[in-house]
Amino acid sequence: MLLDLARREVELARLARHRRLFVLVGVDDRRLAEGAAEVLRGYAAAGGGGEGLYMFQPEFSDANKRMNYFRDAVQDVSVEVDFRPYKDTPRILGTTYDFAVLDLVNDLKPNDVGRLGGVVRGGGVYVFLVPPLEEWRRYVTKFQSTLLVPQFTPNDIRHRLKERVWRSFYSHPGVVVYDVDRGVLLKSSGIDDVKPYEVKKPEPPEKAVIPLKIYRLAATQDQVEVLKLFETFYHKPKKKQALVIIADRGRGKSAALGLGLAGIGHKLRKAKARVQIVVSAMEYTNLETLLEFAIKGLEALGYKPGVEREGGEVRSIKARGIFIDVVTPYMLLKRENADVVAIDEAAAVPLPVLYTAHKKFDRLVFATTIHGYEGAGRGFSIRFLKYLKESKDTEVYLYEMEEPIRYGRGDPVERWLFDAFLLNAEPAKPDAADLEYVKRGEVVYLREEDVLKDEETFRQFFGIYVQAHYRNEPDDLGMLLDAPHHTARALALPSGKVVVSVELAFEGALDDLSIDQALRGLKLPGNIIPDRFLKYWRLPEFAKLRGWRIVRIATHPELQDMGLGTEMLKKVEEEARQLGLDYVGVGFGVYDKLLKFWVRNGYVPIHLSPERNPSSGEYSVLLVKPLNEKAEAYVKYANVEFRRRLVHSLMGPYSDLLPTEVRLLLEDWGWDIDGAPALSKNQLDRLVAYAFGPMTYENVTDAVYMLATQYFYSARTRRPTLPEVAERILISKVLQARPWKDAAEAAGIRRGDLMLVLREIVKILLFYYYGGEFDVPLFVVGTVKGKD
């Protein structure tokens with residue numbers, strides 16, 4: 001029965017160039033494995049064949065049994081099977097297969113399913129091996145085990161991801177569910193008739209700058225349109241030119257980029273002796289397809305490209321005056337010259353890197369996936385594209401690729417994947433009535449049961465994350481649904497539309513053993529704020545307090561800067577107090593606008609990572625808002641010590657922090673830092689000579705540093721009032737010891753003005769702190785404010 005069913009489904013799928021998903025359900029390992037072999041037997045009988053994958057977790061004995069049973073059962077089928085552990089999944093990206101068998105009994109890791117959901121070509125099949133839902137709920141999968149934190153046990157794990165995936169099998173066409181233990185069809189694909197797939201040959205332009213040999217390598221009209229955009233690079237630009245290519249996974253985006261770079265490199269080579277192209281991505285695997293098609297393009301144009309490799313990976317391509325270099329995003333920032341710069345999967349690249357690349361280079365390509373295993377690029381297109389479009393010196397060309405390469409439009413397996421893991425979730429569109437609700441402050445606070453009550457509300461909730469964050473993985477969905485310490489909250493309008501989404505993690509209430517282990521340097525999973533209080537500030541009692549950490553908060557992209565985020569925080573803090581929690585905290589990559597939001601809402605910085613995050617390129621900061629006096633005492637101590645450490649670390653690990661960010665991190669909260677350094681008689685004399693006489697700054701750096709330290713050690717009520725630019729100057733030039741030019745740029749002032757203003761700042765501080773100890777011209781007195 002299963003063989004005939006598979007053959008019939010594959011025959012229909014092949015007509016439409018679609019794929020099918022067979023979900024085999026059972027507890028008998030042999031029957032599951034033999035069922036998978038039977039599906040492939042039917043696939044081969046329908047004219048299929050070729051090579052496919054069998055993915056499993058080899059650390060589980062039952063998974064190895066199923067793999068061996070399958071290996072024996074499939075020997076008489078005319079297919080080749082590559083047996084791979086799930087840890088190899090990232091290396092499989094970019095490869096195309098005829099079928100894939102995914103053993104999900106021991107693990108249901110959303111990222112793995114998402115990555116593998118695009119590797120099978122049209123006419124192919126997926127086979128999932130799963131236990132019955134009731135059986136699946138009885139144990140913790142490998143992915144679920146990673147969600148446990150010290151305060152919870154395996155019995156606390158929730159199984160909502162399994163339930164969601166199970167429901168999705170039954171609600172989507174193109175998915176067959178079959179019970180192998182009983183030999184019963186539980187659900188058919190629901191597809192009885194299909195329209196034959198029409199092959200549409202791409203049409204290159206009649207007149208083209210890029211050679212037609214390149215256009216003939218395009219597989220879709222979308223790729224042709226992308227190649228046309230590359231032609232804008234041919235003439236020397238009067239403005240910066242930025243191509244932005246966005247696409248769902250599997251649309252041939254990277255291949256089009258490779259061909260475009262080869263074609264435009266060839267044309268630019270006609271006008272100059274050397275053409276330098278630089279390509280970059282956060283992961284090398286993101287560039288393999290691009291480089292493969294760049295080589296194909298060059299070969300089609302008659303070049304014999306030389307390829308330099310390192311560890312099997314392409315590092316550069318050279319072809320008679322055309323040089324293509326592969327660099328990391330951070331190496332890209334060190335490059336001075338390039339004719340064309342292309343960044344693939346740009347949504348994963350830290351925004352500061354993208355901004356700097358835009359500033360340094362004139363011809364740029366930013367390409368990113370919208371929906372795929374790595375999550376959404378909508379945040380990229382909203383946030384970074386908005387920045388590009390607002391840049392007056394930049395011509396922006398945007399193109400969205402829609403036609404799949406590996407399979408036909410409307411593929412049911414792709415639809416299932418996107419819906420099951422919310423890869424295509426989007427928030428509801430606000431209308432005029434909704435804007436009025438926001439202006440009047442008419443919002444409804446939703447707890448987790450409200451957020452999850454129906455699919456539409458949950459899709460809107462998750463869709464806000466998809467659009468507001470530049471990186472959002474399927475694993476994030478699994479954590480929210482199953483982790484016992486995570487919970488969801490939201491703000492909605494009376495119309496039912498979700499406008500703010502929040503994910504919270506419970507932290508604290510730790511036992512003495514966990515606290516002792518953390519104090520000795522062991523990792524404390526899931527308790528980021530208590531962990532820092534223990535390891536950096538040595539405050540074990542804080543770890544016994546209970547709090548929420550805001551994992552993610554995002555406001556609807558069309559309703560930002562309207563007070564909704566602040567209102568959301570008030571609601572969360574109010575509920576936290578009602579539950580008897582001691583604090584609410586948050587961690588994120590330092591970004592001055594974002595930092596200002598949190599500081600303005602009463603969140604106190606207590607820790608800053610000593611080095612930039614390798615993924616985001618930003619320093620990670622933790623802030624805490626105490627909800628009672630007990631928590632406030634610990635937060636005050638941690639903040640004072642944090643500020644002391646930061647002031648004296650700005651010449652070292654934090655020398656590249658923006659002065660605007662440093663100012664916010666050094667906010668005093670009314671708390672003095674003890675032990676402000678006092679100037680010696682000689683230092684004071686030299687400072688007077690610098691402030692009022694001919695001595696240069698270089699001769700008084702020690703004294704000015706101590707004077708600036710004294711200023712930032714003091715609470716604002718006990719120090720002179722300086723304008724913001726003066727504080728930025730003290731930070732960039734004095735505390736960070738930047739060269740004059742860099743300090744002026746960081747402070748937002750001209751170099752000559754900085755040199756003059758710094759003397760005036762020193763006069764003010766001298767008079768405020770030491771006015772009675774030296775003679776000072778009377779005109780200085782009038783410049784000082786805040787002196788008692």
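**View 1. Phe533 and its neighbours in a predicted model.** Leaving aside residues up to four places away in sequence, Phe533 touches Arg538, Leu539, Phe542, Ile606, Val624, Tyr634, Val635 and Ala638 (contact means heavy atoms within 4.5 Å). A nonpolar core here is a set of buried Ala, Val, Leu, Ile, Met, Phe, Trp, Tyr and Cys residues joined through side-chain atoms within 4.5 Å. Buried means under 20% relative accessible area, exposed over 50%, and partly exposed in between, with a 1.4 Å probe and protein chains only.

As this is a predicted model, local features need pLDDT of at least 70 and side-chain atom pairs count only at pLDDT 80 or more, while totals for chains, interfaces and linings use all residues. Residues are numbered from 1 along each chain as its sequence is written, and side-chain values use heavy atoms, with hydrogens and water left out.

**View 2. The largest nonpolar core.** This core has 101 residues, and Phe533, Ile550, Trp598, Leu608 and Leu730 touch the most other members. Helix α31 (residues 751-770) gives the most to it, with 10 residues. Helices (H or I, at least four residues) and strands (E, at least two) are DSSP runs, numbered from the N terminus.

**View 3. An open sheet of seven strands.** Follow the order β16-β17-β18-β19-β20-β22-β21, where the pairing is mixed (two strands pair if DSSP finds at least two bridges between them). At the edges stand β16 (444-446) and β21 (604-608), each with a single partner strand, so one side of each has no neighbour in the sheet. From one strand to the next, the twist averages 25 degrees. Helix α19 (residues 455-468) packs on the sheet and touches β16, β17, β18 and β19 (546-555), its direction making about 85 degrees with that of β18. Axes are lines fitted to C-alpha atoms, for helices over the stretch in contact, and angles run from 0 to 180 degrees between N-to-C directions.

View 4. In α30 (residues 740-747), Trp740, Ala743, Ala744 and Ala747 are buried. Down the helix axis, these buried residues fall within an arc of 100 degrees, so they line one face; the arc is that of the directions from the helix axis to the C-beta atoms. They pack against α29 (724-735) and α31, whereas Lys741 and Glu745 on the other side are exposed. Just after α30, look for Gly748, with a positive phi of about 75 degrees.
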